[in-house]
Amino acid sequence: MFNLIRKDIVLHKKTLMILLPILLVYLLLGTSSIWVGIVFCIAIIMGVFSSDEKSTIHILLNSLPYTRKQIVSSKYIGVFLFTFIVVFTIFIGNLMIHREIIPWEDLLFIFGIVMVLTALAFPFSYKFKSQYLLVASLVLFAIYMIIVNLFIKNLNDRIREFVQALLNLQSHQLYLSIGFSVIALYVCSWLLSIRIYKNKVF
Amino acid sequence: MENVIELQHVHKSFDGFQLNNLSMTIKKGFVTGFIGGNGAGKSTTIKLMMNLLQPDRGTISIFGLNYKDHEKEIKQRIGFVFDENIFYENVTLAEMKKIIKPAYVNWDDNLFHYYVKTFELPLNKKIKSFSKGMMMKASLTIALSHHAELIIMDEPTSGLDPSFRRELLDILHNLMQDGEKTIFFSTHLTTDLDRIADYITFIHKGKHIFTKEIYQIEEEYAIVKGGIELLDKDTEREFISIRKSNHGFEALTANKTRAENIFGGMALIEKPTLEDIMFYTKKGEEHYV
């Protein structure tokens, strides 16, 4: 299975080589590292995912000595690896550029959000295709905008405040319970994707 | 004789197509050609053999093992070639090798480079720039570089020029020399089979018609040509199907000796080509539906 993850790295080596320096540029400009981190993680992870989506590639991977479970699992484990690469770059970048150490809560927060987003995106993409993900997220975005404009005008501020409050909280118990919920969601999504992929016809 | 592939009572249905109670066996150490018209179920059968599809009912065993418990073990021992490009397009053959190599325990770099050299394949050109023939050679190189015991190919000769088709058949022929390997390949170019196949498996509309040794087909089947006056209710029953014209009839029988006894010197009895057999079987099927 680690061969499958290695395959993703070999295939996307060039993309990473281009994206990571750009990530540093963003840090240099002083953009919020949490926000940039999440966007880069999702872009890389979904890029890797979509390169395996052609039916001929499914035929290739399934004809090689791998099980379907392994093929799906490699993607779920890969998420950690790619998030780690991005987070590590941010950490080092911040240290070099701003001479400051990013609080570990921020880094964990990136991990958490990326896990939640991929936990939602992967089963959807296995069932349909990741290209429809864009459509789905545009629909969600429209709904969000409608809510912001019509119902809760200060939703953006509230979310920002909520995130700030969350990151400033010192309650370990809360972190732990959020952490567990994220992991539970991730594991459920993982199992669901395996189930969807087992019944897939190429 | 040992069977490498065994399908027993396999059912698989999709919208508008089904494999019905398909049972067949493929013998170890031989080349089996897999024939049938378009939509007969060849690709579906091959996908079932590769576990790319699961049967609705019935059992499939490869090397005497089932996919449920031994999936990786089985796939380690299979080399596969498909008629379309199944590799990543934006990589070179060298990178593709890097990706595939770690999947196989028995990967052999020397063998890989031997075939790359024999086929004159460029290692550092992107796969999407490969021609159909190069693509096939690349697939074959990957399929042959891990000492697979069973080579499964779906239409490997389609779209290839005649000279390369001959070259390919020679390579396959050489592979068979040690008697340990088994080749199973589908084709609709039946002339390929006369050159290399030991057995022929014929399916039609999702049903297994026969698996026979190639010489056995010549012994059993015959094309009978004669005047229309030879046909009556009884004699017509001897044939799988009949093509009548103003000048006479042409028909296929699955019992050459009987046909020889019945028609004796009155009709012409000829050796059928595989195409004849496919054509008349299809026609016969339509007639009785």
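Predicted model: local features only at pLDDT ≥ 70, side-chain atom pairs only at ≥ 80, totals over all residues.
## The interface between chains A and B

A polar contact is a pair of N or O atoms within 3.5 Å; within protein, one has to be able to donate a hydrogen and the other to accept it, and residues adjacent in sequence count only if both atoms are side-chain atoms. By that rule, seven residue pairs (both at pLDDT 80 or more) are in polar contact across the interface of chain B and chain A. On chain B's side, the elements giving two or more residues are α2 (67-76) and α3 (93-100), with helices taken as DSSP runs (H or I, at least four residues) and strands likewise (E, at least two), numbered from the N terminus. The top contributor there is α3(B), with five residues.

The contact (heavy atoms within 4.5 Å) takes 26 residues from chain A and 27 residues from chain B. The two chains bury about 2,400 Å² between them, 62% of it on carbon and sulfur atoms; that's the accessible area (1.4 Å probe) lost on being put together, summed over both parts. One salt bridge turns up across this interface, meaning a side-chain nitrogen of Lys or Arg within 4 Å of a carboxyl oxygen of Asp or Glu. Its partners are K54(A) and E89(B), at 3.5 Å, N to O.

## Ground rules

Residues are numbered from 1 along each chain as its sequence is written, chains are lettered from A and ligands numbered from 1 in the order written, and side-chain values use heavy atoms, leaving out hydrogens and water.

## Salt bridges within the chains

Over all chains, the structure holds 19 salt bridges. In chain A, K75(A) and D8(A) pair up with their closest N and O atoms 3.0 Å apart.

Over in chain B, K225(B) and E270(B) meet at 3.0 Å, N to O. K225(B) is in strand β11 (residues 222-226) and E270(B) in strand β14 (residues 268-270), so this pair ties together parts 45 residues apart in sequence. K225(B) is partly exposed at 28%, and E270(B) is partly exposed at 30%.

Terms used
Buried < 20%, exposed > 50% of the residue type's maximum accessible area, 1.4 Å probe, protein only.
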